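Let us read this structure together, feature by feature.

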Amino acid sequence: MSPLDLLQALGARALKVFRALGHHAFFFAELIAHLPQALRRFYLVVVQIHAIGNYSLVIIAASGLAVGFVLGLQGYYTLSRYGAAESLGLLVALSLVRELGPVVTALLFAGRAGTSLTAEIGLMKAGEQLAAMEMMAIDPKSRVLAPRFIGGIIAMPLLAAMFSAVGIFGGYVVGVLLIGIDAGQFWSQMQDGVDVFDDVGNGIVKSFVFGVACTFVALYQGYETQATPEGVAQATTRTVVISSLAVLLLDFVLTAVMFSTPR
Amino acid sequence: MGRRGIESLVGVFVLLGFVAIFYLALKAANLASFNTGETYTLTARFDNIGGLKVRAPVRSAGVTIGRVASITLDTRTYQGLVTLEIQKSIEFPVDTSAKILTAGLLGDQYIGLEPGGDDKMLAPGDTIKMTQSAVVLENLIGQFLYNRAAEGPAEKK
């Protein structure tokens, strides 16, 4: 292989990446442009919130409780070494509200709701339902994609808030009821250290951003899938992989912007 | 399931979400005691503010009655100029003293106000005259070593 071939391969790779990025950007802009039409027929959005949100309730609540339990146990183990076991409430609440709530919910969301969105739209495409809609002069973007997009964006922050709330309850169960930390200390330390806007507010902003990212990736992968069984399978896998990586990367960026600035 | 059923289920979902947000805001972050009530400002100059931070509590007899609003350097006297926001209903005599104290051994620093006995009260914008700086560990150690040295070699051993 001559150096020129290598150079060409590198260029081709770069162009492919740029083309994909541009395609995503145009798709995103188009999706945004179709949102008002979906809002006009709000019942379509309601159905999607039901499909995305209500069916995710159980897994979100169960995971939140489990994460809260573990945080309570592990946090107590570390804090008791420094004689600061009473700060357990603060540790559990801050970790959940700032990081674990939005991030773990987004990862579960990608696995639970993202995959079903991709598979659903992918199969619609494979079954040529989307093409049939276009034949009837119905724009699939405003009829199929936009309601799902809005539904995902509405459901995600609510799910993340539930995750954090259930998690704090889990930390309370382990810390106060099981280990026996003073309940007053547990809550007052938490309330002293958690700020409504800096911590809770930023957590909600995070989960909103993750909701946009996860839902967008799922819709894009479903809409651009190859219309074959293998294509849909691959698109579903890609949804989970890309959403998860996007969430972790975005989380780092958002955390750096939100929490690292000295106040 | 009809339209009515789905809509009510979504209503339950959205309601649960809002309950969770309010739970976080009220129970975890204590929005209820978030004091948006009327405040007035006092200023105090400290030779050294130590690790005092903006929004640190101002306490009197251990009760939180305000917050530190801002910390700047007074370029004329080269002292730390600290602005305090105190709840409007609480007044202090003019000979009140302010100290920078530490909660616990390694805790955060806060300002403790000790009221004096004067009949006249501090008006909004007034300056607290008597202040005591934060304890800086290095200075303390330096002082200790200096005292040991001053005791002379005769005392050694």
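Q: What is the handedness of the crossing of α4(A) and α6(A)?
A: The model is predicted. In it, α4(A) and α6(A) cross in the right-handed sense. The contact of α4(A) with α6(A) is made of 19 nonpolar residues, eight polar ones and one charged one.

Q: How is the packing of two helices put into numbers?
A: Two values describe it: the angle between the axes and the distance between them. Here the pair is α4 (residues 88–126) and α6 (residues 140–179) of chain A. Their axes come within 7 Å. They cross at roughly 145°.

Q: Which residues of α3(A) are buried, and how do I read their positions?
A: Start with the general idea. An α-helix has 3.6 residues a turn, so residues three or four places apart point the same way. Now the case in hand. The buried residues of α3(A) are Ile60(A), Gly64(A), Val67(A), Gly68(A), Leu71(A), Gly72(A), Gly75(A) and Tyr76(A).

Q: What do the buried residues of α3(A) pack against?
A: They pack against α4 and α6 of chain A.

Q: Which loop holds Glu128(A), and is Glu128(A) buried or exposed?
A: Glu128(A) sits in the loop between α4 and α5 (129–135) of chain A. Its phi is positive, about 60°, although Glu128(A) is not a glycine. Glu128(A) counts as exposed because 12 other C-beta atoms lie within 10 Å, and the cut-off for exposed is 12 or fewer.

Q: Where is Ala137(A) found?
A: In the loop between α5 and α6 of chain A. Ala137(A) is not a glycine either, yet has a positive phi of about 65°. Ala137(A) is exposed, with 6 other C-beta atoms within 10 Å.

Q: How is the size of an interface often given?
A: As the accessible area lost when the parts come together. Here, count residues instead. Contacts link 24 residues of chain A with 20 residues of chain B.

Q: Which helices supply the side of chain A that touches chain B?
A: At least two residues each come from α2 (42–52), α4, α6, α7 (183–193) and α8 (196–223) of chain A. The largest share, six residues, comes from α6(A). By class, this side of chain A has 16 nonpolar, five polar and three charged residues.

Q: How do strands of a sheet pair?
A: Through backbone hydrogen bonds, either parallel or antiparallel. Chain B has an open sheet of eight strands with mixed pairing. The order is β7-β1-β4-β3-β2-β6-β5-β8. The edge strands, β7 (127–128) and β8 of chain B, each pair on one side only.

Q: In which sense does β5 of chain B pair with β6, and in which with β8?
A: Strands β5 (residues 97–102) and β6 (residues 109–114) of chain B run antiparallel, joined by six bridges. Ser97(B) stands opposite Glu114(B) there. With β8 (residues 130–132) of chain B, β5(B) pairs in the parallel sense over three bridges. Lys99(B) has Gln132(B) in β8(B) as its bridge partner.

Q: How many bridges pair β2 with β3 in chain B?
A: Four, in the antiparallel sense, between β2 (residues 57–60) and β3 (residues 63–74). Arg59(B) stands opposite Thr64(B) in β3(B).

Conventions. Residues are numbered from 1 along each chain as its sequence is written. Chains are lettered from A and ligands numbered from 1 in the order in which they are written. This is a predicted model: local features need pLDDT of at least 70, side-chain atom pairs count only at pLDDT 80 or more; totals for chains, interfaces and linings use all residues. Axes are lines fitted to C-alpha atoms, for helices over the stretch in contact, and angles run from 0 to 180 degrees between N-to-C directions. A crossing is left-handed if the near helix is turned anticlockwise from the far one by less than a right angle, and right-handed if clockwise. Ala, Val, Leu, Ile, Met, Phe, Trp, Tyr, Cys and Pro count as nonpolar, Asp, Glu, Lys and Arg as charged, and the others, Gly among them, as polar. A residue is buried if 20 or more other C-beta atoms lie within 10 Å of its own, exposed if 12 or fewer, and partly exposed in between; C-beta atoms are placed from the backbone. Two residues are in contact if their C-beta atoms, placed from the backbone, lie within 7 Å. Two strands pair if DSSP finds at least two bridges between them.
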